[in-house]
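Please look over the sequence and model shown here before reading the notes below.

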Amino acid sequence: MTVQSAKPGGILRSVGSKILIIDDDPSFKRLLEVRLRSFMSDAAITSFGTLGAVREYLQSHKEERFDLVILDQNLPDGSGVELLEEGWFEDLAVLAVSSDE
């Protein structure tokens with residue numbers, strides 16, 4: 001099974017996809033990982049719970065490319081939208097999520 005990405009003509013690979021999860025809710029992150037692995041068992045999933053932690057990681061791994069980013073809009077140290085505005089995920093499929101009503 002494959003999942004359509006937002007990239008023109010792009011498709012997430014069913015094997016070896018690289019996914020970045022940025023969310024501060026451990027239960028939600030675990031649920032995402034379980035569901036993603038149910039149809040992409042070999043996915044490499046990296047996750048962080050704060051803007052500071054993901055910024056530090058991205059700055060030290062500038063060559064790393066992800067196929068999908070799942071981004072919480074409300075994190076303890078700011079808005080996930082800040083990462084979009086900073087240009088970290090240009091030309092990537094980004095799914096923005098929020099638990100706010």
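## Basis and confidence

This is a predicted model, in which local features need pLDDT of at least 70 and side-chain atom pairs count only at pLDDT 80 or more, while totals for chains, interfaces and linings use all residues. Residues are numbered from 1 along each chain as its sequence is written, and side-chain values use heavy atoms, with hydrogens and water left out.

The chain has a mean pLDDT of 85, with 83% of its residues at 70 or more; pLDDT is the predictor's confidence in each residue, from 0 to 100. Where pLDDT is low, the predicted coordinates should not be read in detail.

## Fold and surface

There are 3 helices and 8 strands in the chain, arranged along the sequence as β-β-β-α-β-α-β-β-β-α-β. Helices (H or I, at least four residues) and strands (E, at least two) are DSSP runs, numbered from the N terminus. Of contacts between residues at least 6 apart in sequence, 72% join residues at least 24 apart.

The chain has 101 residues, and 37% of them are buried. Buried means under 20% relative accessible area, exposed over 50%, and partly exposed in between (1.4 Å probe, protein chains only).

## Largest pocket

The largest pocket holds about 150 Å³ of space. On a 1 Å grid over the protein atoms alone, a pocket is an open set of points where a 1.4 Å probe fits, with protein on both sides within 12 Å along at least five of seven lines; lining residues have an atom within 4 Å of a point. Grid points are joined across faces, edges and corners, and the volume is the space filled by probe spheres set on the points.

Its lining has 10 residues, with D23, D25, D72, S98 and S99 nearest the centre of the pocket. The lining comprises 5 charged, 3 polar and 2 nonpolar residues. Asp, Glu, Lys and Arg count as charged, Ala, Val, Leu, Ile, Met, Phe, Trp, Tyr, Cys and Pro as nonpolar, and the others, Gly among them, as polar.

## Two loop residues

G49 sits in the loop between β4 (44–48) and α2 and is partly exposed, at 22% relative accessible area. Leaving aside neighbours within four places in sequence, G49 contacts D23, D24, K29, L75 and P76. The C-alpha atoms of G49 and P26 are 8.2 Å apart.

D91 lies in the loop between α3 (81–85) and β8 (93–97). Although not a glycine, D91 has a positive phi of about 65 degrees; D91 is exposed, with a relative accessible area of 67%.

Conventions
Contact means heavy atoms within 4.5 Å.
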